[in-house]
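This report covers disulfides, aromatic pairs and charges over rings. The structure comes first, followed by the terms as they are needed.

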Amino acid sequence: MMSLLCFTLLSLTLASSVYSEAQSTPPPLSVTVYANLSSNVTLPCRPQHSSGMMSFGSNGMRVKWTKLGEDVSLDEDVLVSMGFHKKSYGSFEDRVFLQEADNEDASLVINEVSMDDMGRYRCEVINGMDDSIQEVTLEVQGRADIDGVVFPYFPRLGRYNLNFHDAEQACLEQGAVVASFDQMYEAWRSGLDWCNAGWLSDGTVQYPINVPREPCGGANSNAGLRSYGQRNKSSSLFDVFCFATAFNGHFYWLVQPDRLTYDEAVQACLDDGAEIAKVAHMFSAWKLQGYDRCDAGWLADASVRYPISRPRKNCSPLEAAVRFVGFPDKKQKLYGVYCYKDQQ
């Protein structure tokens, strides 16, 4: 009798274990999708449940797309759909929608893909007791002539102090070239917004506006590239928009026990087998590599800046950006330094 009881209990335990494994949530399906810069792309999501495909005809169907960050606190809502009610968020607003090709499709369409769209996405579909999760990785491939970063620049002298030839030299000194119209256009489409006019390589002077406002052409004006047209390359004075591509070297914050003057910062990088980083090094590392550090440091032009890719309190809370502190007195011991080391 005791043997029979033990056998019965063992059988129930095994059955319970098998049932539990059968009911556990399977790991999310994962695929990789490739898209060209500025194109449209579809991230696939065709959810399933135990009895077959879910149907969009069900009024209780809920779809949520999320762009995943390095941790949960950095996740970004993309789109939520429930029946006829749909809402997109942040930089995805009015740029994403569900494909809904049939009653079994929750795929996401993204228009005008930017480099910032690259990353991992999660598709969650809930229909009653059924919950389906899929993950998609989006890789964005840029055009060779525009795959880089455009950044506004002015020297220590202040704003609007560069003729065209000085502008060319200023960009070269910072490891960049004067941006072309196409490069500026793509940067504007990717969100560049700057209210000071600068030279482009074709000799025109323009500036990009994504958020119309009074000091920048008027609050009721349209977003776009504002152009002053062709200007005299010798006598007209403006800022400049520079363009930098990816670098093969290593851009980094040099850990030091003390804050440094500008001359000490230059020497500290040399002592570490590197050079003090140029402005283009910082913008390239920030935009193309996602470099993020909330420490203000000296750069080669004696400016002080810091790159923020993950906006947060006290560190550019509203936007990802290279923050500009200014051109302080070179003898101030208030800042660290960013260095750049060529790859051997």
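A residue is called buried at under 20% relative accessible area, exposed at over 50%, and partly exposed in between, using a 1.4 Å probe and protein chains only. The model is predicted, so local features need pLDDT of at least 70 and side-chain atom pairs count only at pLDDT 80 or more, while totals for chains, interfaces and linings use all residues. Residues are numbered from 1 along each chain as its sequence is written, and side-chain values use heavy atoms, with hydrogens and water left out.

**Aromatic pairs**

Rings of Phe, Tyr and Trp (its six-membered ring) pair if their centres lie within 6.5 Å; planes under 30 degrees apart are stacked, over 60 edge-to-face, and the rest tilted. A search of the whole structure gives 19 such pairs. One of them is edge-to-face and joins F92 to Y121, with 6.2 Å centre to centre and 80° between the planes. F92 is in the loop between β7 (85–88) and β8 (96–98) and Y121 is in strand β10, so this pair ties together parts 29 residues apart in sequence. Strands (E, at least two residues) and helices (H or I, at least four) are DSSP runs numbered from the N terminus. F92 counts as buried at 1% relative accessibility, and Y121 is buried at 0%.

W199 and F238 also form an edge-to-face pair, at 5.9 Å centre to centre and 85° between the planes. Both residues are buried. W199 and F238 belong to one aromatic cluster with Y160, F164, Y207 and Y228.

**Charges over rings**

A charge sits over a ring if NZ of Lys or CZ of Arg is within 6 Å of the ring centre and within 35 degrees of the ring normal. K233 lies over the face of F164, 4.5 Å from the ring centre. The charged end of K87 sits over the ring of Y89, at 5.3 Å from its centre.

**Disulfides**

A disulfide is a pair of cysteine sulfur atoms within 2.5 Å. The count by this rule is 5. With the bonded cysteines of the chain numbered in sequence order, the pairing is 1-2, 3-6, 4-5, 7-10, 8-9.

| Disulfide | Sulfur atoms apart | S-S torsion |
|---|---|---|
| C45 and C123 | 2.1 Å | about -75° |
| C269 and C339 | 2.0 Å | -80° |
| C294 and C315 | 1.9 Å | about -100° |

C45 and C123 are both buried, as are C269 and C339.
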